[in-house]
Amino acid sequence: MGVLGGAWEWLADGANWSGEAGVWHRLGEHAYVSGLALLIACAVALPVGLWLGHLGRGGTLAVNVSNAGRAVPVFAVLALFMVSPLRSAGYVPTVTALVLFAVPPLLTNAYVGMRGVDRSVVEAARGMGMSGGQVFRQVELPLARPLVMTGLRSAAVQVVATATIAAMVGQGGLGRIITAGFTTYDTPQVVAGALLVALLALAVEGVLVAADRLLGPVRRRP
Amino acid sequence: MAARNCLVANDWVCWEYVRSRSQELTDATVQHVWITVLSVLIGLAVALPLALLARRGPRWAAPVLGLTTLLYTVPSLAMFSLLLPLFGLSASLVVTGLVLYSLTILVRNVLAGLEGVPEDVREAARGLGYGPARLLWQVELPLALPALLAGVRIATVSTVALTTVGSIVGKGGLGNLIAPAVSSSFKAQVLTASVLCVLLALVADLLLLGLQRLLTPWTRAAAAKGA
C-alpha cells in the first residue's frame, strides 16, 4: 500500500500539476499526440481496409501489414526519426511513429469486418438491383461496423499506451513523468505516471464506446 | 586513411561501423535472443496452467482473461519502471515484464486451442480409458498445437520488438545500442541495430513457421484436400 499511497500523495500535490514538466502540460501533449496520430491513422487505414474488403482483394496484404507492424519496435522507429532531420520538427516524429503503429489494427479489422459480412446478404442486395456503392454504404458498412469499432478501440488504447515510449528519446507526453521518476528512484512518481496513462486510455475507450452508441444506428426493439 | 570515412561523415549505412563494432553487435544480438527465448518459454510455462484454470468455467475464465488483458494495457515503459524496486537493474526485470506481456496472447491462444478440441474426440479418448492427464498430453494438447503455435509466433515477434524498451535498465539487447546512439546522433548505429531487430523478428517468425509445419503436418494435408 505504501507505493500506491505515495502515488496518491504525488498526484494530490498541486505543485506536480503545474509548469512545463507538470501533469497538465504532459497530459495535454499526450492527448494531442495520440489524438492526432489516431485521426491520421483512421484517415489512411479505414478507406483502404474498407475498400479492399468490399472488393474482396488484397487479404494477404491486410493481414501481413498487421504482422509486419508487430515486428517493428516503436522505440527503434522513434530513434530513427530522432537522428534524422525530423528531430527538430516538434511532435512530428512521435505522431508519425504512432500513426505507423495504429494503421495495422485499423486496416486489418476494417478488412476482416467487411469480409465477415454474410455473402448471401450481399448477393440479395445485388439481386435487388443495388449498385456497388449502395451495397457498400447500406449493407456492408453497417454490418461491418462492430468489428471496425473494435479495431478503432484497440488501436486507440494501444496508441495511448505506446505514446509513453516517446519519453525514451526525449519527446513529450506522460512518459516523461515515468522516466523522470525512474531516474530519481521515485517509485511513487512512476506509479502515478503509469496510473495517469491507464486513466487516459480508459477515458479514450469510454469516449469511443459512448460515441459508438450515440452515432450508431438506433436499435429497434425485438 | 580512407579518403572518405563513413563514421566521420555519420552516414546512415556504414559497413565500416558494422566491421569495427561486430563484437558489440553480436553481443547485443545474443542478449536480445536469449532474453526473448527465455521470456516466451517462461510465458508458455505460465500460460498453460492459466489456460487450464480458465477452462474450468466462466467463473475462472473471466478473472484470468481480464487480468492478462489488463497487463497488456500497462505501458512497457511503466511496466519496466514499476518492476525496478523488485528486481533492480537486471535482466530478470526485463524477462519478467516480457513474460507478463506474452501471457495476454499465449493464454488466449492456448485456451482457444483447447476449446477447439471436438467433444466426441474427448469422449472417444475417455472411452479408451484415458485419464485426465493422459487425455491432456496425448489428445488435447496435440490437437491444440496449431492455435498454440500461432500464439507463440505472435508472442515471439512482439517480444523481440518489446525487448528494445529494456534498454531503460540497460538490458535491452539491441535497444542498448539504440538508446545511446540517439543522444549522440549516431545514425549508422541506430539504423543497423533497428534493422537487426526487425530481421531477428522475421527469422524467429520463419523458424516458428517451420516448426509449426513440422509438428502439425495434418493441417497442411487438410488444407490441400479442402482446396
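**Salt bridges and the chain contact in a predicted model**

Modeller: In this predicted model, the side chains of A:Asp212 and A:Arg145 meet in a salt bridge, with N to O at 2.6 Å.

Colleague: Why are A:Asp212 and A:Arg145 called a salt bridge?

Modeller: The rule asks for a side-chain nitrogen of Lys or Arg within 4 Å of a carboxyl oxygen of Asp or Glu, and the N to O value for A:Asp212 and A:Arg145 is 2.6 Å, so the pair qualifies. The pair links distant parts of the chain, since A:Asp212 lies in helix H9 of chain A and A:Arg145 in helix H7 of chain A, 67 residues apart.

Colleague: What makes A:Asp212 count as buried?

Modeller: Buried means under 20% relative accessible area, and A:Asp212 has 18% relative accessibility, therefore A:Asp212 counts as buried. A:Arg145, with a relative accessible area of 24%, is partly exposed, because that class lies between 20% and 50%.

Colleague: Why is B:Arg19 called exposed?

Modeller: The cut-off for exposed is over 50%, and the relative accessible area of B:Arg19 is 58%, so B:Arg19 is exposed. Its salt-bridge partner is B:Glu16, with the closest N and O atoms 2.7 Å apart, and B:Glu16, at 30% relative accessibility, counts as partly exposed.

Colleague: What separates B:Arg19 and B:Glu16 along helix H2 of chain B?

Modeller: About one helical turn separates them, because B:Arg19 and B:Glu16 are three residues apart in that helix.

Colleague: How many salt bridges are counted between chain A and chain B?

Modeller: The count is zero, while carbon and sulfur atoms give 83% of the area of about 2500 Å² buried between chain A and chain B.

Key. Residues are numbered from 1 along each chain as its sequence is written. Chains are lettered from A and ligands numbered from 1 in the order in which they are written. This is a predicted model: local features need pLDDT of at least 70, side-chain atom pairs count only at pLDDT 80 or more; totals for chains, interfaces and linings use all residues. Side-chain values use heavy atoms; hydrogens and water are left out. Buried area is the accessible area (1.4 Å probe) that two parts lose on being put together, summed over both. Helices (H or I, at least four residues) and strands (E, at least two) are DSSP runs, numbered from the N terminus. Buried means under 20% relative accessible area, exposed over 50%, partly exposed in between (1.4 Å probe, protein chains only).
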